[in-house]
Amino acid sequence: MIETAASLGLLALGYLIAVSAKDVIRILIALELMFSAVFLSLIPFFTNPSLVVEGNAIAILTVFTSAGELLILISAIIFLDKKFRTTAIEITDMGGDVL
Amino acid sequence: MDAVVVTVLSLVAILFAVAAWASRDNFYSAIYMSAVMLTVGGIYAFHGIYSVFILIAFVFIGAIGIMTVALAATYRSINPRKISENWLVVVEIIAIVVAVTAGINTFMVGNFTDAFDKVLPDYLTLIAFLIVLTTLLMLSAISMLRRDSA
């Protein structure tokens, strides 16, 4: 019960950080907070004996897929800085590479 | 007693998340975010779900969290923040109402149990996941090196 409420609180704070971000590092931090909220929301699975296995499987998949996603975002931030010499969020509004 | 500990840990997590939002320095914001992850892992450990706690501690806090802190220390900009206080109050009230409603209506059946050994009877799948993550990291590193040398 408390965990679900805290999870929604963390999710709201993650959204708040994301919408008030001025650079992409804050977006990364906001995403990690949102994933923490996802982990908290999985806790009720572990109280139901018929759903514990599913809860464990979802937790394992969530940890690894979110970690992979964050790794790609970290690489993208480094590439963004190498190309534009800034991590300001306005740069990301400009579109992709010119081919 | 259990409810008190979980409530305190949840409140600490929310307070650290508020501090991550309020801090204008990326580095401190990343530190507070890592503290939120620690408390989330602590809630799992308190309930005895050690497999998920270890995954969060090693993969999320140990790898991703440390990289985020290092990145935030490198790009340590002080962010001016422009946000409407009126909208903030409205959004916070809605978030509190939704959180309390969801918390009251969450259905928890019995005691906490861990079934990691039933999901992964051997560690091969876990090792495969770790190899995929490491390959992803290496691909990014190789891509950066090739761009540097080009």
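This is a predicted model: local features need pLDDT of at least 70, side-chain atom pairs count only at pLDDT 80 or more; totals for chains, interfaces and linings use all residues.
## Overall form of chain A

Chain A contains 3 helices and 0 strands, and reading along the sequence gives the pattern α-α-α. The radius of gyration of chain A is 17 Å, well over the 13 Å that the globule rule gives for 99 residues, so chain A is more spread out than a compact globule. Along the principal axes, the C-alpha trace of chain A spans about 55 × 25 × 15 Å.

Of the 99 residues of chain A, 47% count as buried. Among the contacts in chain A with a separation of 6 or more, 52% are accounted for by residues 24 or more positions apart.

## Packing of α1 and α2 in chain A

Two packed helices are described by the angle between their axes and the distance between the axes. In chain A, the axes of helix α1 (residues 2-19) and helix α2 (residues 24-41) come within 8 Å and cross at roughly 165 degrees. Because angles over 145 degrees count as roughly antiparallel, α1(A) is roughly antiparallel to α2(A). The crossing in which α1(A) passes α2(A) is left-handed.

On the α1(A) side, the residues making this contact include Leu10(A), Leu11(A), Leu13(A), Gly14(A) and Ile17(A), while those on the α2(A) side include Ile27(A), Ile29(A), Leu33(A), Met34(A) and Leu40(A). The residues of the contact of α1(A) with α2(A) divide into 13 nonpolar, 5 polar and 2 charged; Glu3(A) of α1(A) and Arg26(A) of α2(A) are also among the residues that make the contact.

## The contact between chains A and B

The contact between the two chains takes 63 residues from chain B and 48 residues from chain A. On the side of chain B that touches chain A, the elements giving two or more residues are α1 (2-22), α2 (26-46), α3 (50-74), α4 (85-105), α5 (116-119) and α6 (124-149) of chain B. Of these, α3(B) gives the most, with 12 residues. By class, the side of chain B that touches chain A has 46 nonpolar, 15 polar and 2 charged residues.

## Leu71 of chain B

Leu71(B) lies in helix α3 of chain B, the helix that gives the most residues to the side of chain B touching chain A. Leu71(B) is buried, with 23 other C-beta atoms within 10 Å, and, not counting residues up to four places away in sequence, Leu71(B) touches Ile25(A), Ile74(A) and Ile77(A). Within chain B, the C-alpha atoms of Leu71(B) and Phe116(B), 45 residues apart along the chain, are separated by 33 Å.

Note on methods
Residues are numbered from 1 along each chain as its sequence is written. Chains are lettered from A and ligands numbered from 1 in the order in which they are written. Helices (H or I, at least four residues) and strands (E, at least two) are DSSP runs, numbered from the N terminus. The radius of gyration is taken over C-alpha atoms; the globule rule is 2.2 Å times the number of residues to the power 0.38. A residue is buried if 20 or more other C-beta atoms lie within 10 Å of its own, exposed if 12 or fewer, and partly exposed in between; C-beta atoms are placed from the backbone. Two residues are in contact if their C-beta atoms, placed from the backbone, lie within 7 Å. Ala, Val, Leu, Ile, Met, Phe, Trp, Tyr, Cys and Pro count as nonpolar, Asp, Glu, Lys and Arg as charged, and the others, Gly among them, as polar. Axes are lines fitted to C-alpha atoms, for helices over the stretch in contact, and angles run from 0 to 180 degrees between N-to-C directions. Angles under 35 degrees count as roughly parallel, over 145 as roughly antiparallel, 65 to 115 as roughly perpendicular and the rest as oblique. A crossing is left-handed if the near helix is turned anticlockwise from the far one by less than a right angle, and right-handed if clockwise.
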